[in-house]
Amino acid sequence: MPQPAQKPGASKQNYETPDAFIVAVKLLLKVDRFSHDFAADGSNKKAPTFFDEETDALSVPRWELTLRECGALWGWLNPPFGNIRPWAQRCSQTADAGGH
């Protein structure tokens, strides 16, 4: 079966994570909330504090410190997948530093 034509840079990048999925993840992690959403906007955020394109979570030096400053353990991330590499690298760095 042929694959659909790819449109690099032209596909929608701000899909909202379904609420049912968020509920399932919270149950799995045994958390009641995420403190920060690292890639969101006002219409699709999954945490009270969020970073949008303007505030740019990738410019924040260390996410695990951002989380710890508010006494939180968990942040949420549903990144734009058009350029996933920097997001994946940051997740790896955050995990290595003890963040979730």
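1. Order of elements. From the N terminus, the elements of the protein follow the order α-β-β-α-β-α, with three helices and three strands in total. Helices (H or I, at least four residues) and strands (E, at least two) are DSSP runs, numbered from the N terminus. The model is predicted, so local features need pLDDT of at least 70 and side-chain atom pairs count only at pLDDT 80 or more, whereas totals for chains, interfaces and linings use all residues. Residues are numbered from 1 along each chain as its sequence is written, and side-chain values use heavy atoms, with hydrogens and water left out.

2. Confidence. The mean pLDDT (the predictor's confidence in each residue, from 0 to 100) is 84 for the protein, and 88% of its residues reach 70 or more. Helix H1 (residues 19-29) has the highest confidence, at a mean of 95, and helix H2 (residues 63-69) the lowest, at 76. Where pLDDT is low, the predicted coordinates should not be read in detail.

3. Of the 100 residues, 29% count as buried; buried means under 20% relative accessible area, exposed over 50%, and partly exposed in between (1.4 Å probe, protein chains only). Among contacts (heavy atoms within 4.5 Å) between residues at least 6 apart in sequence, 60% join residues at least 24 apart.

4. Nonpolar cores. A nonpolar core is a set of buried Ala, Val, Leu, Ile, Met, Phe, Trp, Tyr and Cys residues joined through side-chain atoms within 4.5 Å. The largest has eight residues: Phe38, Ala39, Phe51, Ala57, Val60, Trp63, Leu67 and Trp87. A second, separate core has five residues, among them Val25, Phe34, Ala47 and Trp76.

5. Leucine 67, in helix H2, is buried at a relative accessible area of 2%. Its C-alpha atom is separated by 7.8 Å from that of glycine 99, 32 residues apart along the chain. Glycine 98 is in the segment after helix H3 (85-96) and is partly exposed, at 37% relative accessibility.

6. Glycine 75. This residue belongs to strand E3 (residues 75-76) and is buried, with a relative accessible area of 15%. Glycine 75 and aspartate 37 are 38 residues apart in sequence, and their C-alpha atoms are 5.8 Å apart in space.

7. Positive phi. Most residues other than glycine have a negative phi, and most peptide bonds are trans. Lysine 30 has a positive phi of about 60 degrees; it lies in the loop between H1 and strand E1 (36-37) and is exposed, at 75% relative accessible area. Aspartate 56 also has a positive phi, near 45 degrees. The loop between strand E2 (49-50) and H2 holds aspartate 56, which is partly exposed at 30% relative accessible area.

8. Largest pocket. About 440 Å³ of space lies in the largest pocket. On a 1 Å grid over the protein atoms alone, a pocket is an open set of points where a 1.4 Å probe fits, with protein on both sides within 12 Å along at least five of seven lines; lining residues have an atom within 4 Å of a point. The lining has 23 residues, of which Gln13, Ala39, Ala40, Glu53 and Pro80 are the closest to the centre. By type, the lining divides into 11 nonpolar, five polar and seven charged residues. Ala, Val, Leu, Ile, Met, Phe, Trp, Tyr, Cys and Pro count as nonpolar, Asp, Glu, Lys and Arg as charged, and the others, Gly among them, as polar.

Definitions and conventions:
Grid points are joined across faces, edges and corners, and a volume is the space filled by probe spheres set on the points.
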